[in-house]
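Dear colleague,

I am passing on the structure below, followed by a summary of what was found in it. Please read the notes alongside the coordinates.

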Amino acid sequence: MTPSAWMEFALFLGLLTVLTKPVGLYLGQVLDPRGRTWLDPVLKPLERLTYRVLGVRPDQEQDWKQYTLALLLFSLVGCLFTYILLRCQAWLPLNPQALGALSEHLAFNTAVSFTTNTNWQSYGGEGTLSYWSQMVALVLHNFASAATGIAIAGALVRSVARSAAKTLGNFWVDLIRCTYFLLLPFSVVFAVFLVSQGMIQNFQPYTKAKLMEPIPIQVPVVNEQGEAVLDAAGKAVTRPGTVDEQVIVQGPMASQVAIKMLGTNGGGYANANAAHPFENPNPLSNFVQMLSIFALGSGLTYYLGRETGNQAHGWSVWGTMMILFVAGVLACAWAEARGNPIHQALGVAAEGNWEGKEVRFGIFSSALFATITTAASCGAVNSMHDSFTALGGLVPLFNIQLGEVVIGGVGAGLYGILVFVVLAVFIAGLMVGRTPEYLGKKIQAYEVKMAMLVVLVTTLSILGFTAWAAISPWGLAGLNNAGPHGLTEILYAFSSATGNNGSAFAGLSANTPAYNLTLAVAMLAGRFLMIVPIMALAGSLVQKKSSPPSAGTFPVSGGTFVLLLLGTVLLVGALNFLPVLALGPVVEHFLNLQGQLF
Amino acid sequence: MNSLLGSLRTAVVATLVLAAVTGGLYPVLVWAIAQGVFPQQANGSLIRDADGVVRGSRLIGQGFTSERYFHPRPSAAGANGYDASSSGGSNLGPTSQKLRDLIQERVAAYRAENGMPETNSVPADAVTASASGLDPHISLANARIQAARVARVRGLTPSQVETLMAAHTESAGFGFLGQPGVNVLTLNLALDQGAR
């Protein structure tokens with residue numbers, strides 16, 4: 001790593017640390033229905049009006065079943081809403097490129113993808129979606145799925161903080177408050193900043209630019225019926241032609257990108273996502289985008305500490321995440337800076353692996369972005385992970401497979417790591433032979449079962465679907481790379497879908513009925529089969545009486561706890577995924593060293 | 001049952017309200033501020049010639065092949081490269097035979113164009129496709145090698161080209177974020193304007 005890379009990394013870690021407390025404090029105000037924020041004069045009337053229209057009484061709390069039911073119904077309705085809008089795209093306004101409706105399976109995949117905060121892109125962005133679809137059908141979920149995630153995290157934290165209670169809060173209140181007081185104002189400021197850096201925000205049709213130098217190309221000759229003309233050898237006949245214009249994308253991009261980052265959604269406006277020069281114009285916009293992915297998730301760890309009255313616990317959880325994060329960044333940056341020996345043997349300078357990376361970001365900012373976007377469940381990309389070196393690509397993949405508990409998705413990261421905390425406390429209890437306790441709450445068979453269910457569902461979905469695709473014609477048909485890299489493409493797709501990440505080894509042609517459907521099922525499983533056990537866990541914890549800590553209580557802060565939590569996360573991840581990783585990126589790394597090609 | 005129907009009604013209304021606020025009010029508010037304060041950026045940082053014809057965007061790369069121009073990086077966007085309505089990378093992996101063959105071809109072509117001896121290694125960005133396929137920049141090392149060729153073909157002195165190059169170099173953020181790059185489109189435009 002170069003000195004400037006170290007400086008960028010240090011600045012990132014420094015700013016993230018500084019931001020954690022103020023964001024956490026603000027989250028506390030937002031997640032408290034009676035909390036006050038400085039935006040109250042503007043937004044409080046809108047909030048009250050919304051409750052009246054919704055018919056919600058903000059002081060009426062829900063138990064875990066009512067909370068979960070409201071959440072599931074809201075997700076279902078939102079998913080249907082987006083599906084209908086995408087299927088009707090051709091008839092809806094703000095479609096200057098006259099783009100047609102999405103196919104059934106693509107609309108289903110996309111609707112599920114945004115409802116589950118995954119933002120997997122089977123669709124092509126600029127070539128598939130109208131301004132209306134991007135701005136209404138997708139952005140709704142960018143806000144709502146993020147707010148839902150934070151709401152669940154809030155409910156789970158309350159379940160630990162409250163003693164012998166029944167209710168966890170009101171889903172509608174959490175949803176509306178997170179959207180109005182947190183996500184919307186942050187997004188407006190962020191979006192305007194992004195425009196100042198060069199991001200577009202308009203409703204014009206795509207611009208046609210007259211190229212400075214027309215490009216000579218070969219155009220296939222077609223007959224009067226519009227069929228390709230073939231020569232005697234059966235090859236398509238071509239004639240020389242030129243391309244003399246460039247069609248430049250336009251549209252309401254900044255408003256979408258701001259929430260895509262803050263809400264760890266990650267679905268790109270353009271196909272190339274945050275690598276597109278409009279979607280990430282310069283190194284500064286890149287840096288702020290990276291910071292915004294982590295901002296809310298990092299603040300949530302502070303919120304956890306504050307609400308449970310154990311700030312050291314909040315920081316210990318944060319510290320555990322940071323250890324995993326720093327290790328991931330260093331490994332990925334090292335592998336990418338090392339480059340590809342096969343290409344270097346051809347006379348390419350040993351400047352690192354440049355395939356699929358942008359000059360303005362360089363090697364380090366690309367590796368850093370890749371690690372952040374997969375540590376959080378964001379999935380935006382500023383470089384193409386498919387073209388990373390074998391070990392460089394292993395880091396984002398393993399990040400997702402660890403459950404995206406390194407900061408993680410907004411809310412999802414916190415409730416994900418709390419599952420591991422429950423397991424860690426349970427393991428510690430087994431070791432010392434005492435009933436495990438978490439912040440005064442007894443952890444019993446039911447809680448451990450719910451936690452294990454979460455771990456098993458993700459593992460089963462990732463490995464099950466990958467195995468199925470790897471032995472099926474539909475699975476192999478979409479591959480862009482052969483050999484072990486092909487397996488990694490499939491594994492990455494189902495890891496990303498199940499983990500609700502959304503980034504891809506994008507060479508995989510996933511816009512086929514089979515992939516769209518299996519990936520959608522993986523996304524649904526990864527989101528809702530995780531949320532329901534977690535809400536059940538919260539429902540059980542909230543009813544327990546908090547007992548004061550005694551001499552035998554295992555402390556959930558400090559070095560021992562951090563090590564134990566770290567060990568639990570790594571052990572579960574490694575036991576589940578090392579075998580398949582060995583067949584994919586690990587074997588590819590050694591073949592790459594030997595110069596083996598596919 | 002009643003509570004289920006009640007929740008369903010709330011869910012439908014909440015979806016519509018949030019769609020109106022986050023999908024209507026919010027983007028329009030950002031649009032109004034953006035168009036009012038940063039109209040140039042909000043509309044694509046477009047470059048127009050003397051006749052007002054759009055020749056490209058400062059941020060979006062274009063393909064150049066003639067010797068008179070600096071050449072951008074290889075592009076995997078669209079069938080012919082630099083198709084700004086179809087952004088994307090090659091997505092070829094480290095053990096791809098296809099990628100290796102492409103790079104071998106590009107290395108040979110780059111050396112031939114710029115009169116480089118076989119022993120000199122070629123800048124990595126010059127022979128690899130970018131992530132977006134629309135990368136507007138090339139690295140400083142890549143630009144320096146091409147500067148000699150452009151100067152020779154245009155009958156300029158190397159220092160004239162280097163001065164222009166420096167003027168179209170976009171530095172790293174605060175000197176250390178990301179990496180500096182030379183904007184190929186604006187540099188080539190400046191070269192043509194100087195020639196007139």
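For the residue classes used below, Ala, Val, Leu, Ile, Met, Phe, Trp, Tyr, Cys and Pro count as nonpolar, Asp, Glu, Lys and Arg as charged, and the others, Gly among them, as polar. This is a predicted model, in which local features need pLDDT of at least 70 and side-chain atom pairs count only at pLDDT 80 or more, while totals for chains, interfaces and linings use all residues. Residues are numbered from 1 along each chain as its sequence is written, chains are lettered from A and ligands numbered from 1 in the order in which they are written, and side-chain values use heavy atoms, with hydrogens and water left out.

Pockets first. A pocket is an open set of points on a 1 Å grid over the protein atoms alone, where a 1.4 Å probe fits, with protein on both sides within 12 Å along at least five of seven lines, and its lining residues have an atom within 4 Å of a point. Grid points are joined across faces, edges and corners, and a volume is the space filled by probe spheres set on the points.

The largest pocket has a volume of about 750 Å³ and is lined by 28 residues, with Thr65(B), Pro72(B), Arg73(B), Pro74(B) and Ser75(B) nearest its centre. By class, this lining holds 13 nonpolar, 10 polar and 5 charged residues. Helices and strands here are DSSP runs, numbered from the N terminus (helices H or I, at least four residues; strands E, at least two). The greatest contribution to the lining of the largest pocket comes from α3(B), with 6 residues.

The second largest pocket has a volume of about 650 Å³, and of the 36 residues that line this pocket, Gln121(A), Asn271(A), Ala506(A), Gly507(A) and Asn91(B) are the closest to its centre. Its lining divides into 12 nonpolar, 22 polar and 2 charged residues.

Next, the strands of chain B, where two strands pair if DSSP finds at least two bridges between them. Strands β1 (residues 46–48) and β2 (residues 54–57) of chain B pair in the antiparallel sense over 3 bridges, and Arg48(B) stands opposite Val54(B). An open sheet of 3 strands in chain B has the order β3-β5-β4, with antiparallel pairing. Because β3 (137–138) and β4 (169–170) of chain B stand at the edges, each with a single partner strand, one side of each is left without a neighbour in the sheet.

Finally, in chain A, helix α7 (residues 253–262) has 10 of its 10 residues buried, where buried means under 20% relative accessible area (1.4 Å probe, protein chains only).

Best regards

Conventions:
Buried means under 20% relative accessible area, exposed over 50%, partly exposed in between (1.4 Å probe, protein chains only).
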